[in-house]
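Subject: Structure handover and notes

Dear colleague,

Please find the structure below, with the sequence. My notes on what was found in it follow.

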Amino acid sequence: MRAIVEQAQAGHSLTAIARRLNDEEVLVPRDRHAPLQGRATGGIRHGHSFDRFRWTSGTLSKVLRSPSLMGHRVHRGQTVLDEDGHPVLIGEPVLSEDEFDDLQALLKARSNGTRGERRPTSALLTRLAHCAACGGRMYYRARTSYLYGDYVCAAPAKGMRCPAAAAMRSDWLEDYVLDRYRTATGTRGPVSRSELLAAEVRVTVSKGRCGGAERLAGPDTSRLTFTMGTKPLPA
Ligand SMILES: [Zn+2]
């Protein structure tokens, strides 16, 4: 459950998480409980017989929206309350109440198809992001089943040589550029690509160290140079 929750929090789609669980042959809750209840795993669904059920985005949606993640006893999807109106606890919580609320908001935002504040706008930095080693442009490359992609040096894709082709997570690079732009201009609220182009915003990315630890919180800003117009801005 912890791994599933972490993947959802990291922005992986429910479809992608389901695929991974099926690949790893993790039992769905129903099949996991089957032996305890003296049943065989699997059963009939949509007129077909299965040895075991598969994870789907629907299964995951149910699991991730269940108050049982907070250790609550649940009946028909609702927390069971004791005489004093407190949740009946039956297990160690995977999430605190705050974490559960955050997760619900995330799932809701995604199912509504709305873009959260942190969700990257794809290709915002096309023509604005450059590779430090070759000076060429970087292009946006989507990642399957992630909300973010990467900006990568375009040289190899064009059959050209780059001595140190740079790449960086798109959400990190976009957040960095938007932050620098807003600070420099005092702008609040949404910023469009045409606005950045008009201001001659440019960000240069150098290649990360090989074998460097994967960062969790954000970009290594020592790899980045931000300029507007012709004048470089202090870091
Ligand atoms: Zn390059």
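A salt bridge here is a side-chain nitrogen of Lys or Arg within 4 Å of a carboxyl oxygen of Asp or Glu. The model is a predicted one, so local features need pLDDT of at least 70 and side-chain atom pairs count only at pLDDT 80 or more, while totals for chains, interfaces and linings use all residues. Residues are numbered from 1 along each chain as its sequence is written, and side-chain values use heavy atoms, with hydrogens and water left out.

Salt bridges

The salt-bridge rule gives a count of two. One of them joins R2 to E92, with 3.6 Å between the closest N and O atoms. This pair links distant parts of the chain, 90 residues apart: R2 is in helix α1 (residues 2-9), and E92 is in the loop between β4 (78-79) and α5 (97-111). Helices (H or I, at least four residues) and strands (E, at least two) are DSSP runs, numbered from the N terminus. For burial, the terms are buried (under 20% relative accessible area), exposed (over 50%) and partly exposed (in between), with a 1.4 Å probe and protein chains only. R2 counts as partly exposed because its relative accessibility is 45%. E92 has a relative accessible area of 67%, so E92 is exposed.

The salt bridge between R169 and D171 has its closest N and O atoms 2.6 Å apart. Are R169 and D171 buried or exposed? Both residues are buried. As background, side chains of opposite charge can pair when their charged atoms come close.

The chain as a whole

The chain has seven helices and 11 strands. Of its 235 residues, 32% are buried. A contact means heavy atoms within 4.5 Å. Among contacts between residues at least 6 apart in sequence, 56% join residues at least 24 apart. Accessible areas come from the Shrake-Rupley method with a 1.4 Å probe; for residues, only the protein chains shown count as cover.

Charged patches

Patches are made of residues with over 30% relative accessible area and no salt bridge, where like charges are joined within 9 Å and nonpolar side chains (Val, Leu, Ile, Met, Phe, Trp, Tyr) within 5 Å. Lys and Arg count as positive and Asp and Glu as negative, with His and the chain ends not counted. The place of a charge is taken as NZ of Lys, CZ of Arg, CG of Asp or CD of Glu.

Which residues form the positive patch on the surface? They are R30, R39, R45 and K62. K62 sits in helix α4 (residues 57-64), and K62 counts as exposed because its relative accessible area is 67%.

A negative surface patch is made up of E97, D98, E99, D101 and D102. E99 belongs to helix α5 and is partly exposed, at 38% relative accessible area. D102 is found in helix α5 and is exposed, at 55%.

Helix α2 and the positive phi values

The buried residues of α2 are L14, A16, I17, A18, L21 and N22. Just after that helix, E25 takes a positive phi of about 55°. E25 lies in the loop between α2 (14-23) and α3 (29-33), and E25 counts as exposed because its relative accessibility is 58%. E200 also has a positive phi, near 55°, and is a residue other than glycine. E200 is placed in the loop between α7 (193-198) and β9 (202-205). Most residues other than glycine have a negative phi.

R193 in helix α7

R193 lies in helix α7 and counts as partly exposed, since its relative accessibility is 27%. What does R193 touch, not counting residues up to four places away in sequence? With those set aside, R193 touches A123, L124, T126 and R127. R193 and L128 are 65 residues apart in sequence, and their C-alpha atoms are 9.0 Å apart in space.

Regards
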